Amino acid sequence: MCEGSIWRSRWGITVAHQFSSALSLFASIVLSLGMAQAQTTPQPPDTMAARVLACASCHGAEGEGTSDVYFPRLAGKPAGYLYNQLVAFRDGRRKYPPMNYLLDFLPDPYLKQMAEHFASLRPPFPAPAVPTVSKEILARGESIAVNGDPQRGVPACASCHGATFGGMEPAIPGLLGLRASYISAQLGGWRYGTRTAAAPDCMQIVAGLLTEDDVKAVAAFLSSRPAPTDPSFAKRGSLPMPLVCGSQPN
Amino acid sequence: MPRTLKALLPAFLAAWLAIGASPATAQDAALIAKGEYLARAGDCIACHTAREGKTFAGGLPMKTPFGTLYTSNITPDPQTGIGMWTSDQFFQMMHNGRFPDGGLVYPAMPFASYTKVTREDSDAIYAYLRSIPPVKQRNREHDLKFPFNNRSLILGWRTLFFKEGVYKPDPTKSAEWNRGAYLVEGLGHCGMCHTAINALGGSSESQAFEGGLIPMQNWYAPSLTSNKEAGLGDWTIEEISDYLRKGVSARGAVYGPMAEVVYNSLQYLNDDDTRAMAIYLKSLAQGTSPDKPAAPLPSAESSLLLSLGKQIYDRECASCHGAEGLGMPPHYPPLAGNQSIQMVSAVNAIRMVLNGGYPPGTAGNPMPYGMPPFAHRMSDDEVAAVVTYIRTSWGNRGAAVSARQANELRAATLN
């Protein structure tokens, strides 16, 4: 009995050993087959950076923007803002055919991931634009951006976008690192109703109060600002906003 | 599950049945679920829901060469939707393209395909559409040019292009093949794009699935019968199924209007139906493999085009599609041996370079990889050169592309 049990246990160990070596041999074959297959069909990196390479030709690989003055920097804008824009482009509320087309069939969760990806990036800012407008116009732009124009009811950009114009979570964008052409095109879009956001659309109200000269001045001032020392955006609810905005639920 | 709970389950179930749901409502729920599935297979939502509009409330503008049609409200609202319709009337619309008052439906509604749908399936879709929230939204008048605003013209169209009749199974083929044929020819209404549309806005039955340019959209819907185009004779069933349901496959990814079909419709089909469609589609191919590669382009001009094309390809495309055009399937499609690049029509290849694109985000491929647009970075000459290079390299046998062709497609509408 005793002998038998020793034999059995030895047999068991031997078999187990044989079995495990067979298993490891099998595993290594499978593994090497897998590797061979991986070699024949290389795969792109399983990262968001690789997935959003389609954005790079206009917005830069890290969302830093490119030399084209109409393509905005995406990096470091609050994710809520970027997500709202992606949804607006996909659903046709914000109109720019190349963007509408690219996003047409992408589901909400994926757009959210794209937004979070670009919100998390902090590539260097471009050199500030050398102003092409007079000192007076630049000063007018600064005055509107920092103080607004209380007589005409124009709120300061800084009151919602922050004193450093870095934006506020979740959905108010930073205004630095953008070109004057882009900024004035967007303000123009709001004035003429071609760019809209969820109601109440406070940017439509603000832009409606600006004259064309105001737009030119604000765009020149903002684009001439140097890169912020702290590129982060303001915490949600930290700025007392003068208007209620549908896209910034507080 | 604890044993006591398990034992109590039948009692709970009986009590539940006694209180609320009669067996009839359970049947209704099953019928509605079936109808929802079939409505997906028919891709009703793609046309009957406007951008940012309420689901199935219609109002989507459809541009046609004859003017703009606005899709109708198919929610159960009694005044503005189809809430007053009977299942007979609904079947008459699906099967015969006529409104309850006998009026003729414009054939943008694919009743020439839906006529193959069985009464049973039509009733299921009807039950589903009655179960969705009603939306009060009046249908917008169509904006058609003279003489197309005269509905009696539809009679002529119907005489030429409409053949009424529920799908008749082919007894010599398998049940799977017949199910696939039923879905592709009926609810799937694949022939609406993949059969050439002639000047009268009709699809000729003799040219079924032979491909054609989709009017107004400037995309070429490839032939499903020729292996030189999108004929699937050389594809495995798995590759076809992946393509239909995930939107990406080892052989290529969906793009353009087909991305919409996968996004709204095909990704929701079950394993059996996807497979059935794949089997049927594969059988449509007429057994011919693509021709041998054409001789390299002879003229000096062409070789200049090719050397410029190779330069651009190596710089802009090779990092994803590979120096040899092998890609990294399924995410970066292979270009070598890819039928959609070598087709007689170069429209799709040119548009991919100009506009880029993302395959649809589907349950099987929720985070697709995308291709950047190059319209703003490449001149017409550069687009022509790189597309020519892709169409003629690695054994591909497409013809060269001119800068003029590239230029014409810059203006193509994007949605």
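**Ground rules.** I am working with a predicted model, where local features need pLDDT of at least 70, side-chain atom pairs count only at pLDDT 80 or more, and totals for chains, interfaces and linings use all residues. Residues are numbered from 1 along each chain as its sequence is written, while chains are lettered from A and ligands numbered from 1 in the order in which they are written.

**Chain A, overall.** I looked up the secondary structure and found 11 helices and zero strands in chain A. Of the 250 residues of chain A, 34% count as buried. My burial scale places C-beta atoms from the backbone and counts the others within 10 Å of a residue's own: 20 or more is buried, 12 or fewer is exposed, and in between is partly exposed.

I then checked contacts, meaning C-beta atoms, placed from the backbone, within 7 Å. In chain A, 71% of the contacts with a separation of 6 or more are between residues 24 or more positions apart.

**Chain A, domains.** I noted domain 1 (46-124) and domain 2 (127-242) in chain A, with bounds from an automatic or database domain assignment. Their C-alpha centres lie 21 Å apart. The contact takes 16 residues from domain 1 and 19 residues from domain 2.

**Strands in chain B.** How many bridges join strand 1 of chain B to strand 2 of chain B? I found four, linking residues 61-64 to residues 67-70 in an antiparallel arrangement; strands pair if DSSP finds at least two bridges between them. The two strands form a hairpin with two residues between them, and Met62(B) stands opposite Leu69(B). Strand 2 is also joined by two bridges to strand 3 (residues 143-144), again antiparallel, and there Gly67(B) faces Leu144(B).

**Where the chains meet.** I get 27 residues of chain B in contact with 25 residues of chain A. On the chain B side, helix 11 (residues 257-264) gives the most, with three residues.

**Cores.** A nonpolar core here is a set of buried Ala, Val, Leu, Ile, Met, Phe, Trp, Tyr and Cys residues joined through C-beta atoms within 7 Å. The largest has 114 residues, and those touching the most other members include Leu82(A), Ala115(A) and Ile350(B). Leaving out residues up to four places away in sequence, I see Ile350(B) touching Val383(B), Val401(B) and Leu409(B), among others. Another core, of 26 residues, lies apart from it, with Ile144(A) and Met203(A) among them.

Most residues other than glycine have a negative phi, and most peptide bonds are trans, so I went looking for exceptions.

- The peptide bond from Glu169(A) to Pro170(A) is cis, with omega near -5 degrees; Pro170(A) sits in the loop between helix 8 (157-161) and helix 9 (180-191) of chain A.
- The Pro329(B) to Pro330(B) bond is cis too, with omega near 5 degrees.
- His189(B) has a positive phi near 35 degrees and counts as buried, with 23 C-beta neighbours inside 10 Å.
- Trp394(B) has a positive phi of about 55 degrees but is partly exposed, with 17 other C-beta atoms within 10 Å.

Conventions
Contact = placed C-beta atoms within 7 Å.
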